[in-house]
Amino acid sequence: MSQRNVEFEIERLIFAWRDDSPDNIYYLDLVTGEIQLVNRTLEDVKELTDEIELERNRYLYLPKPERDQLKNDLRDFMSTIEDQSLLRILEMAFESPHVYSSFLKILDKRVEEKERLQEFIDSRSRMRVLQWLEANCINTDSMKTTED
């Protein structure tokens, strides 16, 4: 299958990719490169869903992250930390229903570690998005960044 050239903003695509809300569904418009949000509370949801249904080859569904993906990424991040006391505290975050938020709260006073965590999670998300694009034959040379 040949590569599709779609001009899109990678940061917006990553943001949509990471949105694990069950009410939000995203599609990449293969013509415009826009990310389309489908949510039943939107005023134009009927028009948008009709358009997506009518032009199935134009819109590519963005899959939701796997259920334990973030937790696995957080465990992988923990393997990069040498401070045993910090590791014990971070381990408690897994008891929270909001593990990522708990991690960030724990790392509030450790600014460098918090930034490192966010870079780690961002790089994992970016890697998965790029793999998804490649699997769907989308040329990543066309992507734009916020610096562009």
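Let me start with a term: a residue is buried when its relative accessible area is under 20%, exposed when over 50%, and partly exposed in between, with a 1.4 Å probe and protein chains only. By that rule Asn139 is buried, because its relative accessible area is 18%.

Now, the model. What you see is a predicted model, in which local features need pLDDT of at least 70 and side-chain atom pairs count only at pLDDT 80 or more, while totals for chains, interfaces and linings use all residues. Residues are numbered from 1 along each chain as its sequence is written, and side-chain values use heavy atoms, with hydrogens and water left out.

First, the overall layout. The protein chain has 6 helices and 7 strands. Helices here are DSSP runs of H or I with at least four residues, strands are runs of E with at least two, and both are numbered from the N terminus. Reading from the N terminus, the order is β-β-α-β-β-α-β-α-α-α-α-β-β. The C-alpha trace spans about 55 × 35 × 25 Å along its principal axes. Of the 148 residues, 38% are buried. Next, contacts, meaning heavy atoms within 4.5 Å. Take those between residues at least 6 apart in sequence: 61% of them join residues at least 24 apart.

On to helix packing. Two packed helices are described by the angle between their axes and the distance between the axes. The axes are lines fitted to C-alpha atoms, for helices over the stretch in contact, and angles run from 0 to 180 degrees between N-to-C directions. How do H1 and H6 pack? Their angle is about 100°, and their axes are 10 Å apart. H1 and H6 therefore count as roughly perpendicular. The scale is this: under 35 degrees is roughly parallel, over 145 roughly antiparallel, 65 to 115 roughly perpendicular, and the rest oblique. From H1, the contact uses Ile10, Leu13, Ile14, Trp17 and Arg18. From H6, the contributors include Ile121, Val129, Trp132 and Leu133. By class, this contact has 9 nonpolar, 1 polar and 4 charged residues. For the classes, Ala, Val, Leu, Ile, Met, Phe, Trp, Tyr, Cys and Pro are nonpolar, Asp, Glu, Lys and Arg are charged, and the others, Gly among them, are polar.

The search runs on a 1 Å grid over the protein atoms alone: a cavity is a set of points where a 1.4 Å probe fits but cannot get out, a pocket is an open set with protein on both sides within 12 Å along at least five of seven lines, and lining residues have an atom within 4 Å of a point. The largest pocket has a volume of about 650 Å³. Its lining has 23 residues, and Arg18, Asp20, Pro65, Leu70 and Tyr100 lie nearest the centre. Which helices each supply at least two lining residues? They are H1 (10-18), H3 (69-78), H5 (99-106) and H6 (111-135). H3 gives the largest share, 4 residues. The pocket lining splits into 8 nonpolar, 5 polar and 10 charged residues.

There is also 1 cavity of 30 Å³ or more. The largest cavity holds about 30 Å³ of space. Its lining residues include Trp17, Asn24, Tyr26 and Pro63. That lining has 5 nonpolar, 1 polar and 2 charged residues.

Finally, four single residues. Back to Asn139, which sits in strand S6 (residues 138-139). Beyond its neighbours within four places in sequence, Asn139 contacts Gln3, Arg4, Asn5, Val6 and Phe8.

Cys137 is in the loop between H6 and S6. At 13% relative accessibility, Cys137 is buried. Most residues other than glycine have a negative phi. Cys137 is not a glycine, yet its phi is positive, about 60°.

Tyr61 belongs to strand S5 (residues 59-61). Leaving out residues up to four places away in sequence, Tyr61 touches Ile25, Tyr26, Tyr27 and Trp132. Asp29 is 32 residues from Tyr61 along the chain, with 9.1 Å between their C-alpha atoms.

Last, Arg110, in the loop between H5 and H6. Arg110 is partly exposed, at 33% relative accessibility. Apart from neighbours within four places in sequence, Arg110 contacts Asp83 and Leu86. Arg110 and Phe8 are 102 residues apart in sequence, and 35 Å apart from C-alpha to C-alpha.

Methods:
Grid points are joined across faces, edges and corners, and a volume is the space filled by probe spheres set on the points.
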